[in-house]
Amino acid sequence: MNCQEFESVLPDYLESGHTSEQQAHLSSCSSCAGLVADLNFISATARQLQDAEEPSPAVWNALEIQLRREGLIRDIPIREVVPACSSSLLDFFRRRRTAWLVPVAAALVIAAGVKLYRPFGAGDTNPVARAVAPAPETPANSGEDERVLSTVAARFPAQQANYRKNMEDANSYIRDAEQSIKNDPNDVYSQELLINAYEQKQMIYDLAVDRTGEQ
Amino acid sequence: MTDAKKLQAEKLTETEAIERAKLGDEEAFHILYGLHKRRVYSLCLRMTGNPASAEDLTQEAFLQLFRKIATFRGESAFSTWLHRMSVNVVLMQLRKKSLPVVPIDETMEGEEESTVRKEPGAPDGRLAGAIDRLHLQRAVDELPPGYRTIFVLHDVEGYEHNEIAGIVGCSIGNSKSQLHKARIKLRELLRMNRAEKAGTGRTGKR
């Protein structure tokens with residue numbers, strides 16, 4: 001076997017092994033032996049490229065935004081969230097990666113006005129540290145809130161207190177954030193809190209519907 | 001700490017993360033992304049040679065995955081499912097840009113293209129020990145798109161020729177032929193780069 005003949009069978013040689021004739025040629029030809037060694041080396045080194053690079057954090061950020069837009073992210077698994085809701089909403093906000101909401105909130109607040117963010121007709125109360133103006137004293141849920149709570153109470157009496165507490169907390173945060181924005185329309189932090197608070201309240205509604213739908 | 005170790009530390013298996021992702025749990029999505037982001041991004045980068053495009057394609061691949069995750073039943077490995085989806089996303093993009101997925105033109109060229117007779121270098125100038133992953137990475141980026149696709153799918157990602165034939169729409173023989181030519185081309189590029197660096201300008205055959 002000469003070099004030309006060896007090269008013609010080289011792909012098969014690399015894929016499926018060699019014959020004694022081919023091996024004999026390799027033993028006597030440093031050029032072909034070098035070629036085989038190089039190709040094997042390239043192939044072996046190629047595996048190191050498999051996970052050699054890391055995407056920038058921007059990829060996950062963009063992905064997360066899109067997943068939220070499409071409703072694929074629901075933040076917390078349904079069956080685990082009710083006990084979690086008994087902890088402070090502030091903890092919930094701290095745990096969440098919500099930086100992307102800031103520009104969204106700012107744009108929405110500036111373009112549409114704070115009033116558009118009162119779909120549930122929340123009452124007033126429960127002063128919070130960031131509120132500049134004093135807030136009313138008595139916690140109040142809207143009629144819609146009370147209807148949801150009544151449904152939960154009827155079907156899951158043990159969860160009623162949790163739901164009521166979480167609903168009042170969400171309403172309290174909404175009022176606080178709205179008050180802060182009223183005092184300073186450029187307060188980005190409060191804009192973020194407002195969006196978060198409405199998302200939290202929406203989640204409480206969703207959970208109530210999901211749980212009652214399970215029965 | 002590696003992603004796998006983090007998973008272990010959190011006592012959350014990939015299977016559990018998948019199930020939680022089906023419920024819409026953000027952390028589960030993040031865990032799955034963290035586990036596979038390097039592999040998917042590296043695949044996209046190697047096949048496109050463009051970091052910006054690779055990031056867009058990585059995002060698109062994961063987005064498609066997460067949109068369909070509710071349908072994942074575990075018949076195949078999750079990673080297999082994801083990587084196949086990523087390959088399809090990249091190939092679709094290449095086709096949109098009218099870049100050759102299968103190197104038809106190269107196939108039509110004479111077989112001497114792939115022969116050792118044109119190879120520069122000396123018997124003692126083997127690549128092993130002289131080049132590393134980064135050199136190879138740069139050389140792969142210099143490959144014509146068609147060669148690059150086959151090489152990345154086979155030698156980097158580990159697909160078999162019959163799988164590649166199905167993925168890119170060519171024959172098994174064509175896949176084998178293009179892979180061989182891609183390796184030969186890479187050897188040529190690596191040896192030329194090494195020669196240029198050494199300042200010898202050596203291009204003739206030993």
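**A helix at the interface**

Tutor: Just after helix 5 of chain A, Gly71(A) takes a positive phi of about 75°. (Helices are DSSP runs of H or I with at least four residues, numbered from the N terminus.) Some bookkeeping first: residues count from 1 along each chain as its sequence is written, while chains are lettered from A and ligands numbered from 1 in the order written.

The end C-alpha atoms of helix 5 of chain A are 19 Å apart, which agrees with the 18 Å its 13 residues should span at 1.5 Å a residue (the expected span being 1.5 Å times one less than the number of residues). Val59(A), Trp60(A), Leu63(A) and Leu67(A) are buried in this helix; buried means 20 or more other C-beta atoms within 10 Å of a residue's own, exposed 12 or fewer, with C-beta atoms placed from the backbone. Those four cover an arc of only 90° around the axis, so they sit on the same side of helix 5 of chain A (the arc is taken over directions from the helix axis to the C-beta atoms). On the other side, Pro57(A), Ala58(A) and Arg69(A) are exposed.

What does the buried side of helix 5 of chain A pack against? The partners are helix 3 and helix 4 (51-68) of chain B. Across the two chains, 41 residues of chain A are in contact with 42 of chain B, contact meaning C-beta atoms, placed from the backbone, within 7 Å. On the chain A side, the elements giving two or more residues are helix 1 (3-8), helix 2 (10-16), helix 4 (30-46) and helix 5 (57-69). Helix 4 of chain A makes the largest contribution there, with 13 residues. By type, that side of chain A splits into 23 nonpolar, nine polar and nine charged residues.

Now follow Leu67(A) across. Besides neighbours within four places in sequence, Phe29(B) is in contact with Leu67(A), Ile73(A), Ala21(B) and Phe66(B). Phe29(B) also joins Cys44(B) and Phe151(B) in touching the most other members of the largest nonpolar core, which has 60 residues. (A nonpolar core is a set of buried Ala, Val, Leu, Ile, Met, Phe, Trp, Tyr and Cys residues joined through C-beta atoms within 7 Å.) Helix 3 (residues 26-48) of chain B supplies its largest share, eleven residues. A second, separate core of 17 residues includes Val148(A), Ile181(A), Leu194(A) and Leu207(A).

How far to trust all this? The model scores ipTM 0.78 and pTM 0.60. Chain B averages a pLDDT of 81, and 78% of its residues score at least 70. Among the elements of chain B, helix 4 has the highest mean pLDDT (94), while helix 6 (residues 104-108) has the lowest (46). Over residues 105-123 of chain B, pLDDT is below 50, though this stretch has 38 contacts in the model beyond near neighbours in sequence. Where pLDDT is low, the predicted coordinates should not be read in detail.

How values were computed: Predicted model: local features only at pLDDT ≥ 70, side-chain atom pairs only at ≥ 80, totals over all residues. Nonpolar A, V, L, I, M, F, W, Y, C, P; charged D, E, K, R; others polar. pLDDT = per-residue confidence, 0-100.
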